[in-house]
Amino acid sequence: MTVGHLVDAMTTLVALTHQATRAAEATVGELKYTLDAAMTGWVPCDGAMLTQAAHGALYARIGNAYVPADTTAYPDYNPLVHFFVPDIPPSGAARCFIRSS
């Protein structure tokens with residue numbers, strides 16, 4: 001193998017590594033459909049009420065955009081403490097998740 005071929009191979013390897021790293025990094029608030037229900041840093045898009053303290057980065061991204069019109073089913077709801085994730089139905093067997101951290 002010549003030096004030129006070695007440099008080309010290393011350049012390709014660096015480019016592929018960079019692409020893989022970027023693909024693995026998700027942005028807070030990004031949505032993803034998956035069959036995997038146990039993903040670290042992701043929460044299901046099931047309309048659940050979360051606390052701002054536990055999911056501050058996600059709250060900073062989506063705020064109170066998904067508060068249900070009727071919050072009587074959530075007696076502990078406090079808009080200064082809680083927020084809601086979107087309620088997005090599954091697509092076949094895949095569930096929707098939102099990146100929370």
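The following is a working chat about a predicted model of a protein chain.

Colleague: What does the secondary structure of the protein chain come to?

Modeller: The chain has two helices and five strands.

Colleague: And which pattern does it follow along the sequence?

Modeller: Read along the sequence, the order is α-β-β-β-α-β-β.

Colleague: What is the mean pLDDT of the chain?

Modeller: The mean pLDDT is 83, and 76% of the residues reach 70 or more. Over residues 3-23, however, the pLDDT is below 50. Beyond near neighbours in sequence, that stretch has one contact in the model.

Colleague: Turning to Thr-40, where is its place?

Modeller: Thr-40 sits in the loop that runs between β1 (31-34) and β2 (42-44).

Colleague: Is Thr-40 buried or exposed, and why?

Modeller: Thr-40 is exposed, because its relative accessible area is 74% and the cut-off for exposed is over 50%.

Colleague: How many residues apart in sequence are Thr-40 and Arg-99?

Modeller: They are 59 residues apart in sequence, while their C-alpha atoms are 9.0 Å apart in space.

Colleague: For the contacts with a separation of 6 or more, what percentage do residues 24 or more positions apart account for?

Modeller: Such pairs account for 75% of those contacts in the protein chain.

Colleague: Back to burial: what percentage of the 101 residues count as buried?

Modeller: Of the 101 residues, 26% count as buried.

Note on methods:
Residues are numbered from 1 along each chain as its sequence is written. This is a predicted model: local features need pLDDT of at least 70, side-chain atom pairs count only at pLDDT 80 or more; totals for chains, interfaces and linings use all residues. Side-chain values use heavy atoms; hydrogens and water are left out. Helices (H or I, at least four residues) and strands (E, at least two) are DSSP runs, numbered from the N terminus. Buried means under 20% relative accessible area, exposed over 50%, partly exposed in between (1.4 Å probe, protein chains only). Contact means heavy atoms within 4.5 Å. pLDDT is the predictor's confidence in each residue, from 0 to 100.
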